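I open this notebook to keep track of what I looked up in the structure, entry by entry. The sequence and the model come first, and my notes follow.

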Amino acid sequence: MKSIVIGVAGGSGSGKSTFTNRIKKYFGDDVVVLYHDNYYRSQDGIPFEQRVTVNYDHPDALETDLMVEHLKKLKAGESIECPVYDFAKNTRSSQVLRIDPKPVILVEGILLLADPRVRELLDIKVYVEADADERILRRISRDVEERGRDMKGIINQYLTTVKPMHYLYVEPTRAKADVVINSGKNDIAFDLFVSKISQILREMKQEGLS
Ligand SMILES: Nc1ncnc2c1ncn2[C@@H]1O[C@H](COP(=O)(O)OP(=O)(O)O)[C@@H](O)[C@H]1O
Ligand SMILES: Nc1ccn([C@@H]2O[C@H](COP(=O)(O)O)[C@@H](O)[C@H]2O)c(=O)n1
């Protein structure tokens, strides 16, 4: 099976998942999503109090080697067993997720475009942009509602690591993108991607490649 791989990067809270999930919902079984977040390193060896002090916005916090290996396998038509990250515990859960290859592979993550090995595997590179104040406001709601965090911790993490790492590692990768979209809820960008992906799927089906 031949696949097209689309990478979606951008700051935390920019709307990457919103955009990616909308594409996934539209195309259903033709699309698989690989979340770089699931490749955050296991912290089982250190106590919880120490886990909350880790810099999760530095490239070293992620096991990108494993994601690159998995992405290569998916591209080669092989299934993978993806780790599943538990944000409330700041470590990997005991679950793994079997992911089967599909004609469209979406890969999503803040630091996706920071790694040349990942960039090399992407056919289309997208950067989702949003103002810093909107990103932090969205992150506060999301982290409280879905990631088991409190305000004090969110603010401290934002000021000590999230913000400085964003300007050091995430924002510079905007220049590596083929397409920069303003907000994950951008209907024009969504329509353009639907039409591009539909065209690619049609060509793959005509050539008998998917
Ligand atoms: N353009 C937008 N307007 C309002 N809320 C948004 C917008 N984009 C995303 N959100 C909300 O912000 C939160 C974070 O968005 P998400 O897509 O998960 O960001 P990311 O994956 O980049 O961290 C979600 O609750 C989402 O519904
Ligand atoms: N244990 C962890 C691991 C990561 N984070 C934060 O997640 C952010 C990336 O995910 P998005 O869905 O927001 O793109 C990143 O900014 C890390 O700070 C965390 O808080 N805890």
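I began with ligand 2, whose shell divides into five nonpolar, three polar and three charged residues. For these classes, Ala, Val, Leu, Ile, Met, Phe, Trp, Tyr, Cys and Pro count as nonpolar, Asp, Glu, Lys and Arg as charged, and the others, Gly among them, as polar. The residues around ligand 2 are Ser12, Gly13, Lys16, Asp37, Tyr40, Tyr56, Asp57, Phe87, Asn90, Ile110 and Val162, where a residue counts as near a molecule if its C-beta atom, placed from the backbone, lies within 6 Å of it.

I noted that this is a predicted model, in which local features need pLDDT of at least 70 and side-chain atom pairs count only at pLDDT 80 or more, while totals for chains, interfaces and linings use all residues. Residues are numbered from 1 along each chain as its sequence is written, and chains are lettered from A and ligands numbered from 1 in the order in which they are written.

Next I turned to ligand 1, and asked which of the 13 residues around it come nearest. They are Gly15, Lys16, Ser17, Thr18 and Arg138. By class, the shell around ligand 1 has no nonpolar, nine polar and four charged residues. Helix 1 (16-27) and helix 5 (132-146) each supply at least two residues of that shell, and helix 1 gives the most, with three residues. Here helices (H or I, at least four residues) and strands (E, at least two) are DSSP runs, numbered from the N terminus.

I then followed the sheet, which is open and has five strands in the order 2-5-1-6-7, with parallel pairing; two strands pair if DSSP finds at least two bridges between them. Its edge strands, each pairing on one side only, are strand 2 (31-35) and strand 7 (179-182). The twist averages 25° from one strand to the next, with axes taken as lines fitted to C-alpha atoms, for helices over the stretch in contact, and angles running from 0 to 180 degrees between N-to-C directions.

Going through the pairs, I found that strand 1 (residues 4-10) and strand 6 (residues 124-129) run parallel and are joined by five bridges, with Lys125 as the bridge partner of Gly7. Five bridges also join strand 1 to strand 5, where Ile4 has Val104 as its bridge partner. Strand 2 and strand 5 pair in the parallel sense over five bridges, and Val32 stands opposite Ile105.

Is strand 5 buried or exposed? Five of its five residues are buried, so strand 5 is largely enclosed by the rest of the structure. I took buried to mean 20 or more other C-beta atoms within 10 Å of a residue's own, exposed 12 or fewer, and partly exposed in between, with C-beta atoms placed from the backbone. Val104, Leu106 and Glu108 cover one side of strand 5, and Ile105 and Val107 the other.

The largest nonpolar core has 42 residues, and Ala9, Leu34 and Val126 have the most contacts inside it; such a core is a set of buried Ala, Val, Leu, Ile, Met, Phe, Trp, Tyr and Cys residues joined through C-beta atoms within 7 Å.

My last entry concerns Ser94, which lies in strand 4 (residues 91-99) and is exposed, with 9 other C-beta atoms within 10 Å. The C-alpha atoms of Ser94 and Val180 are separated by 36 Å.
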